[in-house]
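Subject: Structure handover

Hello,

Here is the structure I promised to pass on. Please open it first, then read the notes below.

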Protein chains: 2
Amino acid sequence: MAHRARPTLETVAERAEVSRQTVSNVLNAPHVVADATRDRVLAAIDELGYRPNVAARQLRTRRSWVLGLRVPPASDGISGQVLDRFLHALTEVAQQAGLRIMLFTSGDDADEVREYQNLHSTAGVDGFVLANTHAGDGRTRWLTEQAIPFVTFGRPWDGDRSAADHAWIDIDGRSGIHAATRHLLDAGHRKIAFLGWPEGSGVGDDRYAGYLDALRTVPTAAPPLVRRCEDGVPTGMAAAADVLADDDVTALVCVSDSIALGAMAAIRDLAHTRPRRPAVALTGFDDTPVARAVDLTSVAQPVDRVAARAVGLLLSQMRPADQRVTMSAADRHVLIEPRLVVRATSQVPV
Amino acid sequence: MAHRARPTLETVAERAEVSRQTVSNVLNAPHVVADATRDRVLAAIDELGYRPNVAARQLRTRRSWVLGLRVPPASDGISGQVLDRFLHALTEVAQQAGLRIMLFTSGDDADEVREYQNLHSTAGVDGFVLANTHAGDGRTRWLTEQAIPFVTFGRPWDGDRSAADHAWIDIDGRSGIHAATRHLLDAGHRKIAFLGWPEGSGVGDDRYAGYLDALRTVPTAAPPLVRRCEDGVPTGMAAAADVLADDDVTALVCVSDSIALGAMAAIRDLAHTRPRRPAVALTGFDDTPVARAVDLTSVAQPVDRVAARAVGLLLSQMRPADQRVTMSAADRHVLIEPRLVVRATSQVPV
DNA sequence: CGGTCCGTGTTGAACGATCCAATCGACCAC
DNA sequence: GTGGTCGATTGGATCGTTCAACACGGACCG
């Protein structure tokens, strides 16, 4: 068969012997079309292989059904992987909901705002997903002012609640570390150390709180024992070696997989240099591919659930003003429970 | 200032006291507009904050300047990271060239072709970037038939050259492994083993060839010594332990970072269990974040250069037929030299 | 001096969809 | 039989841009 010009609404209408508008209705408001007519139109669409032209639709309706997502210039270290996994999950969920993801990059926040402007007003992107929120985030304020739909993955760590009253979804790191610590306590460990990041990061402090919570639930547990270091494998290794000098410590809870990976090496060395020392159980955070690879118990961030909620929240914001349901703050602020993935490193006898 | 309706060409035209078309010309064909007029129009554009509407433009010109990129449903293991890094690089390069990246997912190849169709004819995506080409790839054939611009990251491993005469870019793995092996030989190692994937994968066999090449350049080198295993940390550890039973082996060249990571653990154990054994040098492939984290020498894929060439090849395909320059096969098939990143694991005394 | 061409600018039509108001027919009530 | 209501369908206008054709004045040329 020869390659004909792409069929339009008009073509389909002629074929089905109805008007343009009726064809449009079949697609956008099927209930107003009589059954017989609808079948005829659908048949014509099928025969001609008709596909609507989104550019034309977007021009008329001012809706693109496209979401913008910023990807950081270079993926930094192991933890950047969570973002990558999120990106995959988001693409999948969005596609299922009839949305597309468009990528962009930018340097600093100001640059990013400029890109939002570009994408929104020029390309007609309907909304944005922001990852990596940080304190004093100017981006969220700008988007709020412009009344552009957006969701952040990551709660606002800002003290200023009024400026941060937007839709967000986050992982409950506190609860995740709680579960990890609790898992070790249940296995009989009593002196458990925490390897964390330097104080002051919202995420890190939150996770640390989970460790404290868990220790408090078991009266016979030793008091909190913390070592702090910058994220990274070598730093983690050093911190672990340090804290493991105390032979009573039989378990380590780490704030990240990078640090846990370093701790793993330290533990391995110890097994050789001081074979009589009690074995050490270990947990990480993020459940990165590396954790899976080296059989490290870790707290997994269910990025697919985050993505699903993000799309849901965006869709509700994209509804035309008259159909929008007012959502309470509780509905717009979602905290998702992470999942503890138990693997070999945490299952050593006490 | 009150929030006015978004300015259009018409608005700008009125302000600058010219016609619509002249404003359009200022943006798309500045040379046909007199200098004085152009300045007046540009001033008006600036004052009004005018931004063209891409939907309208796309409707008229049938060009969206958007590229489609498939992201795999779930990032699998450590090697999936190369793709993620490529995605970041591609976004950056594309944006600089005035293109946007749109994501989609799909199950099998047939499903993927359906999505190409959707994106191309419905959303008006101009071209595609394919990663993960494999033998007997039906997708490239379909895209070629439809005359849709596309580039693959990964050469066609197919025997059938005629069907695979499309634009592609790939990393020269053979040369990369050659460099790694050569690096070890230069350091004085003579009995070097290769930990590879099972025979039959195009990529794996290609890399293996690089190992053989390098050994041949040094007459005093021991004959090739290969262990093959599925990709992964535990499998790599076992394979390494096996081949390292031979005390003469002082260096390992690994086909991937995952396997190298396993080998690293095996080497570490050996250092404790048999301290008198000569130390072992080690190299990986992909230069993943993990490699950086554990200080592993690895062969880096310069994804940014791949991305740059990909965008270039796509742009040249997107030129209107009458302006297109015919490119030789050599121009359309790009093999990029990887870079050996030397770190601690390869720098052990012989 | 008339014709052609070039540089500059304008106007109407088209791209393919949706919104809106109007029409048409059938059916029902009075 | 007439008017009213309702559901189904229609034609025209519209979104913002670019394309095609043409108008105008001046330079250039035979």
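Chain A has 14 helices and twelve strands. Helices (H or I, at least four residues) and strands (E, at least two) are DSSP runs, numbered from the N terminus. This is a predicted model: local features need pLDDT of at least 70, side-chain atom pairs count only at pLDDT 80 or more, and totals for chains, interfaces and linings use all residues. Residues are numbered from 1 along each chain as its sequence is written, while chains are lettered from A and ligands numbered from 1 in the order in which they are written.

Overall build of chain A

The C-alpha atoms of chain A fill a box of roughly 85 × 45 × 35 Å along the principal axes. The radius of gyration of chain A is 26 Å, whereas a compact globule of 350 residues would be near 20 Å. That radius is taken over C-alpha atoms, and the globule rule is 2.2 Å times the number of residues to the power 0.38.

The domain assignment gives domain 1 (9-52), domain 2 (66-171 + 303-336) and domain 3 (173-300 + 340-346). These bounds come from an automatic or database domain assignment. The C-alpha centres of domain 1 and domain 3 of chain A lie 62 Å apart.

Of the 350 residues of chain A, 45% count as buried. A residue is buried if 20 or more other C-beta atoms lie within 10 Å of its own, exposed if 12 or fewer, and partly exposed in between, with C-beta atoms placed from the backbone. Now the contacts: two residues are in contact if their C-beta atoms, placed from the backbone, lie within 7 Å. Among contacts in chain A between residues at least 6 apart in sequence, 70% join residues at least 24 apart.

The two copies

Chain A can be laid on chain B with an RMSD of 0.2 Å, by a turn of 180° and a shift of 0.1 Å along the axis. That is the relation of a two-fold axis. The same surface serves both copies, as 100% of the contact residues of chain A recur in chain B. The superposition is by least squares on the C-alpha atoms of residues with pLDDT of at least 70 in both copies.

Each chain puts residues into the contact: 41 from chain A and 41 from chain B. On the side of chain A that touches chain B, the elements giving two or more residues are H4, helix H5 (80-96), strand S2 (100-104), helix H6 (109-122), helix H11 (257-273) and H12. H5(A) gives the largest share, seven residues. By class, this side of chain A divides into 21 nonpolar, 13 polar and seven charged residues. Ala, Val, Leu, Ile, Met, Phe, Trp, Tyr, Cys and Pro count as nonpolar, Asp, Glu, Lys and Arg as charged, and the others, Gly among them, as polar.

A residue is near a strand if its C-beta atom, placed from the backbone, lies within 6 Å of it. Around DNA strand C there are 26 residues, of which Thr8(A), Ser24(A), Ala56(A), Ser19(B) and Thr37(B) come nearest. H2 and H4 of chain A, with H2 and H4 of chain B, each give two or more residues to this surface. The surface near DNA strand C has ten nonpolar, ten polar and six charged residues.

DNA strand D has 26 residues around it, and Ser19(A), Thr37(A), Leu9(B), Ser24(B) and Ala56(B) come nearest. At least two residues each come from helix H2 (20-28) and helix H4 (54-61) of chain A, and from helix H1 (9-16), helix H2 (20-28) and helix H4 (54-61) of chain B. The surface near DNA strand D has ten nonpolar, ten polar and six charged residues.

Most residues other than glycine have a negative phi. Asp287(A) has a positive phi of about 50° although it is not a glycine. Asp287(A) lies in the loop between strand S9 (281-286) and helix H12 (289-294) of chain A. It counts as buried because it has 26 C-beta neighbours inside 10 Å. Beyond four places in sequence, Asp287(A) is in contact with Ser298(A), Val299(A), Ala300(A) and Val341(A).

Glu17(B) also has a positive phi, near 55°. Glu17(B) sits in the loop between H1 and H2 of chain B. With 11 C-beta neighbours inside 10 Å, Glu17(B) counts as exposed.

Trp197(A) is in the loop between strand S6 (192-196) and helix H9 (202-216) of chain A. Trp197(A) is partly exposed, with 19 other C-beta atoms within 10 Å. Leaving out residues up to four places away in sequence, Trp197(A) touches Gly204(A), Arg228(A), Asp231(A) and Val255(A).

Best wishes
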